[in-house]
Amino acid sequence: LLGKDRLPAFEPGDLLGVLPSRGEEARFYSIATSRSDGVVEICVRRHAQGLCSGYLHTLPLGGRIEAFVQQHPHFRPSAGQAPVILVGAGTGIGPLVGFIRKNHRARPINLYWGGRSATTEFLYEDELGTYLEDGRLHHLSTAFSRGAERAYVQDRIRADALKLQALIQSGAQVLVCGGREMAESVRQVFDGLLAPICLNVETLNVQGRYREDVF
């Protein structure tokens, strides 16, 4: 969908509902761009039995889809300059990259992301490198489950427990995007590292400082 004058209002973290075929329910994908970019960008992994992911991956260049935007204001960085901790795995990186792209004021953003292989599936690798150089991304920590050092994103969070405790004590917000199993593991790790500072995920959630977009 090109041309911002033809697009509805949306921001990174909002959802694109895609209708793969007549009579099928919409599948929702987190958006990585905003209307001002003039394009709707989503990150989709093709699943063997995935009706919608298979449909999207076989679209020809210039093909058309039936879709709509659903606002998702619950999942985006809060206003201000407090640090942000972004956590994702796989295609959950989509909206997180979108948040970083828009960080022109160099707010301290720390990204923890997990993928399968550093050589074949390091999504947005070059772009993230650019943001580390220009200050839109403060820190990047990656974990690859099929690499020489098998690790998951929750392992990187656990290793940085003291740093993350300090960030949260300074007012940091946590945004998690990815599969439900990953999100649950990340939640457990955060509960563990928050306990010594008399906090937990539920308290941060009530404060609007721990948000999840899971699928």
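Me: How many disulfides does the count come to?

Reply: This is a predicted model, in which local features need pLDDT of at least 70 and side-chain atom pairs count only at pLDDT 80 or more, while totals for chains, interfaces and linings use all residues. Residues are numbered from 1 along each chain as its sequence is written, and side-chain values use heavy atoms, with hydrogens and water left out. With a disulfide taken as a pair of cysteine sulfur atoms within 2.5 Å, the number of disulfides is zero.

Me: Which cysteine holds the sulfur closest to that of cysteine 43?

Reply: Cysteine 43 is buried (under 20% relative accessible area; exposed is over 50% and partly exposed in between, with a 1.4 Å probe and protein chains only), because its relative accessible area is 17%. The closest cysteine sulfur is 9.8 Å away, too far for a bond. That sulfur belongs to cysteine 177.

Me: Is cysteine 198 buried or exposed?

Reply: Cysteine 198 is found in the loop between helix 6 and helix 7 (201-206), where helices (H or I, at least four residues) and strands (E, at least two) are DSSP runs numbered from the N terminus. The phi of cysteine 198 is near 60°, a positive value in a residue other than glycine. Its relative accessibility is 73%, so cysteine 198 counts as exposed.

Me: In which loop does tyrosine 124 lie?

Reply: Tyrosine 124, which is not glycine, has a positive phi near 60°. Its relative accessibility of 18% is the reason why tyrosine 124 counts as buried. The residue lies in the loop between strand 5 and helix 3 (125-134).

Me: How many aromatic pairs does the structure hold?

Reply: Rings of Phe, Tyr and Trp (its six-membered ring) pair if their centres lie within 6.5 Å; planes under 30 degrees apart count as stacked, over 60 as edge-to-face and the rest as tilted. Ring pairs join Trp113, Phe122 and Phe144 into a cluster. In total, the number of aromatic pairs is six.

Me: Why is the pair of phenylalanine 75 and phenylalanine 99 classed as it is?

Reply: Phenylalanine 75 sits in the loop between strand 3 (66-70) and strand 4 (84-89), and phenylalanine 99 in helix 2 (residues 93-101), so that the pair links distant parts of the chain, 24 residues apart. Both residues are buried. The ring centres are 5.8 Å apart and the planes stand at 50°, so the pair is tilted.

Me: How many residues of the lining of the largest pocket are charged?

Reply: A pocket is an open set of points on a 1 Å grid over the protein atoms alone, where a 1.4 Å probe fits, with protein on both sides within 12 Å along at least five of seven lines; lining residues have an atom within 4 Å of a point. The largest pocket holds about 880 Å³ of space, and of its 38 lining residues, those closest to its centre are Ala89, Gly90, Thr91, Gly179 and Phe215. Elements that each supply at least two lining residues include strand 2 (27-30), helix 1 (51-57) and helix 6. With Asp, Glu, Lys and Arg counted as charged, Ala, Val, Leu, Ile, Met, Phe, Trp, Tyr, Cys and Pro as nonpolar and the others as polar, the lining has 18 nonpolar and 14 polar residues, and the number of charged ones is six.

Terms used
Points joined across faces, edges and corners; volume = space filled by probe spheres on them.
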